[in-house]
Amino acid sequence: MRLNRATLVLILSMPPCVWANSTAGIPAPIVQIMAAQGLPSNAVSVVVLDPGSGRLVLGQNPDTPRSPASTIKVVTTFAALDLLGPAYTWHTQASIRGEIDAGVLKGDLYLQGGGDPYMTLERWWSFAQALRARGLKAIRGDIIIDNSAFSLPPEDPGEFDGRPNRAYNVVPDALMVNFQSIEFRVVPDAGSQRVDVIAHPAPDNLIIENHVRFAAGRCGGSAGRVDFKVASADWDRVVFSGALSAHCAERSFTRVLLQPTTYAFGTFVQLWHELGGEFSGKLRVQAMAPDVQPFLRFDSMSLGEIVRLTNKFSSNLMARQLLLTMGGEHSGNPATPEKGAAALEEWSRERGLDLQGMDIDNGSGLSRRTRISALQMAKILSAAYSSRYAPEFLASLPLAGVDGTLRSRMKSTPAGAVRLKTGHINGVSGVAGYVTTTAGKSYVLVSLVNHPRADYGAGEPVHAALVNWILDNL
């Protein structure tokens, strides 16, 4: 059962005596909402904290380690801001081995990834264009990719939920381009009596087999179905089959394909040719040779901008790249998840934050191992609120009813009053962030639900009720 705003107001407007002892537990009206959602008290951890005084206003199971889902990103992103600063940037380096004569490189072009978390296709195009602007016209040797800045153990991207080609499961890489994603559009064309498959981008090394038939008549049944299959272990060949009628709307979806290095290579060659550049060599993957000559350094967006994108849109890949970057800066490259966890542990000690028992795992929350208590997370958010980079951090959190992952939630709350990172995986629902009252006082709120009922939306009325309780009673 979901409770609307009117119902929540009715319940939460009960006499104050109902929650006179709220510091000892959850107010009775919210307990009633939990019961209505089928959530036992031991499945929910809640902390409301005054970041100015550190006073625990409200608490239930505050010290119980929980799976936080994507709310753990507030830890990863605040630590990155605090350790590296909002102006930190990553660098993608192009180097040459050989001589350039009249725009022709008689040798190899090296592309070295520095861990940029947001090398979109548009920015990858800008990188290729910058090479052309420097006078490079043709590459007579090979393209060599050096992604050795990161070192990760072998990982099955489908281990989490059996969907390895979904964008949220993409595995980090030091030269990660466009989230390794391809958008496909399947379009029936009545004029040509055919069904087109359009890929964006269209890497030179991706094979697309289109066996979708054009069907006459109405859209439906066998004349309205498209099947998609990744047909190779390297994810470099896909097969479309089925049939579409001209009366069917076009179908579109996005999948992760190729491998990080082959994706970077294939899209670079595609863009290079589109820009008028020449290349007929092959891909090699190896570390930078000692005798290369630096040719172009391409800077990323700032860390402040990256943190905003990471939290607003809950990017698992970007959070993971942040953790690796902290590890590399702390202990040197190649960066590893273990180095990232060590960097966080040392940072928390220096900050006086008790993270004993916390398991950050990959830093994104897309994990069954990650654990943190609501009180630990609340204390991190309290530290962030008074930190030197508080404006950058607070601006990164989704605004209720306005943007990011809260765009369609809690729309009835006052504009700008609720800034919360959301989190959801199977059996987990959570929010973590800040609620500001009409008097201008801000409180930290962490609400974590670990229960199968979370998959049916049971956590959301609890989170919303807590937000409204803060707004109406503090």
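Trainee: Which element gives the most to the lining of the second largest pocket?

Mentor: Rolling a probe the size of a water molecule over the atoms shows where empty space is left. Here strand β16 contributes most to the lining of the second largest pocket, with five residues. A pocket is an open set of points on a 1 Å grid over the protein atoms alone, where a 1.4 Å probe fits and protein lies on both sides within 12 Å along at least five of seven lines; lining residues have an atom within 4 Å of a point. Helices (DSSP H or I, at least four residues) and strands (E, at least two) are runs numbered from the N terminus. Keep in mind that this is a predicted model, in which local features need pLDDT of at least 70 and side-chain atom pairs count only at pLDDT 80 or more, while totals for chains, interfaces and linings use all residues. Residues are numbered from 1 along each chain as its sequence is written, and side-chain values use heavy atoms, with hydrogens and water left out.

Trainee: What is the volume of the second largest pocket, and which residues lie nearest its centre?

Mentor: The volume, meaning the space filled by probe spheres set on points joined across faces, edges and corners, is about 620 Å³ for this pocket. Of its 31 lining residues, S70, Y168, S314, N316 and H424 lie nearest the centre. At least two lining residues come from each of α7, β16 (418–425), β17 (428–436) and α11 (459–473). By class the lining has ten nonpolar, 17 polar and four charged residues, where Ala, Val, Leu, Ile, Met, Phe, Trp, Tyr, Cys and Pro count as nonpolar, Asp, Glu, Lys and Arg as charged, and the others, Gly among them, as polar.

Trainee: How does the lining of the largest pocket divide by class?

Mentor: The largest pocket, with a volume of about 760 Å³, has 32 lining residues, and I360, D361, N362, S367 and R369 are the closest to its centre. The elements that supply two or more of them are α7 and α8 (337–351), and α8 gives the most, six residues. Its lining divides into 14 nonpolar, seven polar and eleven charged residues.

Trainee: How many cavities of 30 Å³ or more does the structure hold?

Mentor: A cavity, unlike a pocket, is a set of points where the probe fits but cannot get out, and the structure holds one of 30 Å³ or more. About 40 Å³ of space lies in the largest cavity, which is lined by L152, P172, R320, L323, L324, P337 and N362. Helix α7 (residues 316–331) provides the largest share of that lining, three residues, and by class the lining has five nonpolar, one polar and one charged.

Trainee: In what order do the strands of the three-stranded sheet stand?

Mentor: Strands of a sheet pair through backbone hydrogen bonds, either parallel or antiparallel. This open sheet has the order β9-β11-β10 with mixed pairing, two strands being paired if DSSP finds at least two bridges between them. Strands β9 (207–215) and β10 (224–230) stand at the edges with a single partner strand each, so one side of each has no neighbour in the sheet. From one strand to the next the twist averages 5°.

Trainee: Which sense does each pairing take, parallel or antiparallel?

Mentor: β9 and β11 pair in the parallel sense over nine bridges, with I207 opposite R237 in β11. β10 and β11 (residues 237–245) run antiparallel and are joined by seven bridges; D227 faces S241, and V230 faces V238. Six residues separate the strands of the β10 and β11 hairpin, where W235 takes a positive phi near 60°.

Trainee: Which residues does R213 contact beyond its neighbours within four places in sequence?

Mentor: R213, placed in strand β9, is in contact (heavy atoms within 4.5 Å) with V195, G242, A243 and L244. R213 and S245 are 32 residues apart in sequence and 8.6 Å apart in space, C-alpha to C-alpha.

Trainee: At what angle do α3 and α9 cross?

Mentor: Two packed helices are described by the angle between their axes and the distance between the axes. The axes of α3 (residues 73–84) and α9 (residues 374–385) come within 10 Å and cross at roughly 35°; axes are lines fitted to C-alpha atoms, for helices over the stretch in contact, with angles from 0 to 180 degrees between N-to-C directions. V74, V75 and F78 in α3 meet M377, I380, L381, A383 and A384 in α9, and this contact has eight nonpolar, no polar and no charged residues.
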